[in-house]
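Here are my notes on the model, as promised. Have a look at the structure first, then go through the points in order.

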Amino acid sequence: MGFMVLNKIAKADTMTNRKIEISTQSAAETIALGRRIGEALKGGEVIALIGNLGTGKTHLIKGIAHGLGVEQDDLVTSPTFVLVNEYFAWGGGMQVYHIDAYRLESAAEFEALGVEEYSRPDSVVLVEWADRVWESMASLNPLTIRLFHGGGDVRTITLENAPSGIA
Ligand SMILES: Nc1ncnc2c1ncn2[C@@H]1O[C@H](COP(=O)(O)OP(=O)(O)OP(=O)(O)O)[C@@H](O)[C@H]1O
Ligand SMILES: [Mg+2]
């Protein structure tokens with residue numbers, strides 16, 4: 001796990017300890033929030049998404065990928081049958097990994113995907129259902145995004161270790 005330790009040090013400047021809470025009223029607003037998050041990323045971030053079924057994790061990721069400049073044609077459908085989706089952004093200079101931990105049985109299975117190697121200064125790693133593999137993620141001090149159902153189309157979204165420039 002030496003890799004993990006190095007990652008932790010490299011990411012020190014992304015641990016902002018800033019907590020933000022935002023409500024969105026529609027799927028489009030959640031995508032727009034994601035876009036602002038994507039635009040604020042610098043590379044090297046690990047992003048944990050935690051929230052029940054249908055809270056909008058995949059919509060938010062679509063926005064984040066858009067904000068990072070991932071080609072819209074490549075864009076994210078839920079990787080439920082592919083454990084890891086890969087995209088390129090910044091004209092190929094940035095790699096985006098989208099992992100869905102929903103069907104993983106254990107943190108060990110998550111680590112077996114090679115997740116430590118995905119986390120680099122020129123990548124962004126997005127993990128849906130991160131709570132299922134939290135043991136492997138906590139030491140990475142991820143930007144942690146929690147999504148909650150409000151009534152109807154309302155979603156409350158909290159960001160821990162939020163980058164500046166979002167809200
Ligand atoms: N404010 C909102 N933000 C996001 N999605 C919303 C909102 N209001 C309604 N929706 C609807 O909720 C659903 C969210 O779907 P999405 O696939 O993004 O959720 P998810 O958290 O990824 O679910 P899963 O756990 O199944 O992967 C969509 O059908 C979307 O249209
Ligand atoms: Mg999803």
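This is a predicted model: local features need pLDDT of at least 70, side-chain atom pairs count only at pLDDT 80 or more; totals for chains, interfaces and linings use all residues.

1. Start with α3: this helix has 12 residues and spans 16 Å from first C-alpha to last, close to the 16 Å expected at 1.5 Å a residue. The expected span here is 1.5 Å times one less than the number of residues. Helices (H or I, at least four residues) and strands (E, at least two) are DSSP runs, numbered from the N terminus.

2. Residues are numbered from 1 along each chain as its sequence is written, and chains are lettered from A and ligands numbered from 1 in the order in which they are written.

3. Is α3 buried or exposed? 12 of its 12 residues are buried, so α3 is largely enclosed by the rest of the structure. Buried means 20 or more other C-beta atoms within 10 Å of the residue's own (exposed is 12 or fewer, partly exposed in between, with C-beta atoms placed from the backbone). The buried set includes Lys57, His59, Lys62 and His66 as well as Leu60, Ile61 and Ile64. Packed against these buried residues are α2, β2 (46-51), β3 (84-89), β4 (94-100), β5 (123-128) and β6 (143-149).

4. Now ligand 1. There are 17 residues around it, and Thr30, Gly56, Lys57, Thr58 and Asp153 come nearest; "near" is a C-beta atom, placed from the backbone, within 6 Å. Both α2 (27-40) and α3 (57-68) supply at least two residues of that shell. By type, the shell has two nonpolar residues, 11 polar and four charged. For the bookkeeping, Ala, Val, Leu, Ile, Met, Phe, Trp, Tyr, Cys and Pro are nonpolar, Asp, Glu, Lys and Arg charged, and the others, Gly among them, polar.

5. Gly51 sits in strand β2 and is buried, with 22 other C-beta atoms within 10 Å. Beyond four places in sequence, Gly51 contacts Lys57, Arg146, Leu147 and Phe148, a contact being two C-beta atoms, placed from the backbone, within 7 Å. Gly51 and Phe148 are 97 residues apart in sequence but 6.2 Å apart, C-alpha to C-alpha.

6. Which residues touch the most other members of the largest nonpolar core? Among its 38 residues, they are Ile47, Leu49, Leu126 and Val127. Elements giving two or more residues to this core are α2, β2, α3, β4, β5, β6 and β7 (155-160). A nonpolar core is a set of buried Ala, Val, Leu, Ile, Met, Phe, Trp, Tyr and Cys residues joined through C-beta atoms within 7 Å. Leu126 touches Ile47, Leu49, Ile61, Ile64, Tyr97, His98 and Ile99, leaving out residues up to four places away.

7. Two backbone angles to check. Trp129, in the loop between β5 and α6 (134-137), has a positive phi near 60° without being a glycine. Asn141, in the loop between α6 and β6, is not a glycine either and has a positive phi of about 45°.

8. Finally, confidence: mean pLDDT (the predictor's confidence in each residue, from 0 to 100) is 86 for the chain, with 85% of residues at 70 or more. I'd flag residues 1-12, where pLDDT stays under 50.
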